[in-house]
Amino acid sequence: MKQLLAFIHKEFLHVFRDPKTMLLLFGLPIAQILLFGFALSNEINHSKIIVVDYARDASTRSIIEKVRASENFDLYGVFNDHQQIEETFKRGETKMAIVFPTNFNQDLIHSGYAEIQLITDASDPNTATTLVNYFNMLLLDYQRELIEVQEMPFNINLSLRNIYNPELEGTTNFVPGVMALVLLLVCVLMTSVAIVKEKELGTMEILLVSPFHPFMVIISKVIPYLFLSIVNLIVILALSVFVLKLEIAGSLILLFGVSILLILAALSLGILISNVTNNQQTAMLISLMGMLLPTLMFTGFMFPIENMPRFLQVISNIVPSRWYYIIVKNVMIKGLGFESIWKESLILAGMTVFLLLVSIKKFKIRLA
């Protein structure tokens, strides 16, 4: 028994003296609880909406004040022109528009019936449905207050218009997210083992003594996977169009261009991981664990980024798939052109160049 206790004591000392083990035992569970229990939520708060008020009467002002007071909405602006709706939706500045018709208050008081139009950006059908439900609850609360004061029945009907996805099909949100996830993970995983495989096989010495520049070695690793990833992209788009019946509303050439940008960024990241690791298992583990969770959490197709704490929103900016997801939705679903995605494309291009340069710099020309 003394020997057993001595071995148990030894193992405890090994655990307590190893910072990596302590981090794995206590740091990882705490981080996961904080992320999934606090930061990541499917609830939608402070979603930007606009109001087009043609009536500008007491009833519309009361409803607008309720919208301002609600934590679910952030009122982006009150306009009196339908053109503002299309412009703000194209710029991605709002998720829903509330339209009050003329004589709203008169119709409600005299006939007991009025109508409000809701226009939603249904490229994300879950968000659109949730926002409509939030506003419907707010409207029911207003009607109850009105009935208590006037002591007569009132009925306010909602007229819904879902743009970009009238049928509220889930594929419009699912396909761009899966494209970002698959392309990033597969490309990083494929190239992360490229250089480290040469190290394990012992062929890296041959490459190092050859007259090839390190840049040429890296490019030779990237180009085959680039072409294979483009084939993968074609297959994904073909399945989306012919099997899932999701039409590509925008330019196919533009979609291919930004997809190649993401592929290059992912391949460069994979090469960087391959440069700093010594075996394939470590490279694959870093690729899967290091890319899967950030892509799922910070891309935006599973958890609304705007609802996360500020520091997590900042972290999400360094995830390439976040910008690619925005671009694909704007081009593939909304049919917008380069003028609407140039900022995201520039960020993605900058990430690609940065990762490629770091990969070249981190390439070790000596094995020792």
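The legends below describe close-up views of a predicted model.

Local features are given where pLDDT is at least 70, and side-chain atom pairs count only at pLDDT 80 or more, while totals for chains, interfaces and linings use all residues. Residues are numbered from 1 along each chain as its sequence is written, and side-chain values use heavy atoms, with hydrogens and water left out.

**View 1. The protein chain has 15 helices and five strands.**
Helices (H or I, at least four residues) and strands (E, at least two) are DSSP runs, numbered from the N terminus. Of the 368 residues in the chain, 42% are buried, meaning under 20% relative accessible area, with exposed over 50% and partly exposed in between (1.4 Å probe, protein chains only). Among contacts (heavy atoms within 4.5 Å) with a separation of 6 or more, 78% join residues 24 or more positions apart.

**View 2. Five strands form an open sheet with mixed pairing.**
The strand order is β2-β1-β3-β4-β5; two strands pair if DSSP finds at least two bridges between them. At the edges lie β2 (73-79) and β5 (155-163), each of which pairs on one side only. Direction ignored, neighbouring strands are turned by 25° against each other on average. Strands of a sheet pair through backbone hydrogen bonds, either parallel or antiparallel.

Valine 52 has valine 99 of β3 as its bridge partner. Axes are lines fitted to C-alpha atoms, for helices over the stretch in contact, and angles run from 0 to 180 degrees between N-to-C directions.

**View 3. Helix α7 (residues 171-192) packs with helix α14 (residues 320-333).**
The angle is about 140°, with the axes 9 Å apart. This makes α7 oblique to α14: angles under 35 degrees count as roughly parallel, over 145 as roughly antiparallel, 65 to 115 as roughly perpendicular and the rest as oblique. Residues making the contact include Met179 and Leu183 of α7 and Tyr324 and Val328 of α14.

**View 4. Serine 268 is found in helix α11 (residues 252-276).**
Serine 268 is buried, with a relative accessible area of 3%. Not counting residues up to four places away in sequence, serine 268 touches Thr352, Leu355, Leu356 and Ser359.
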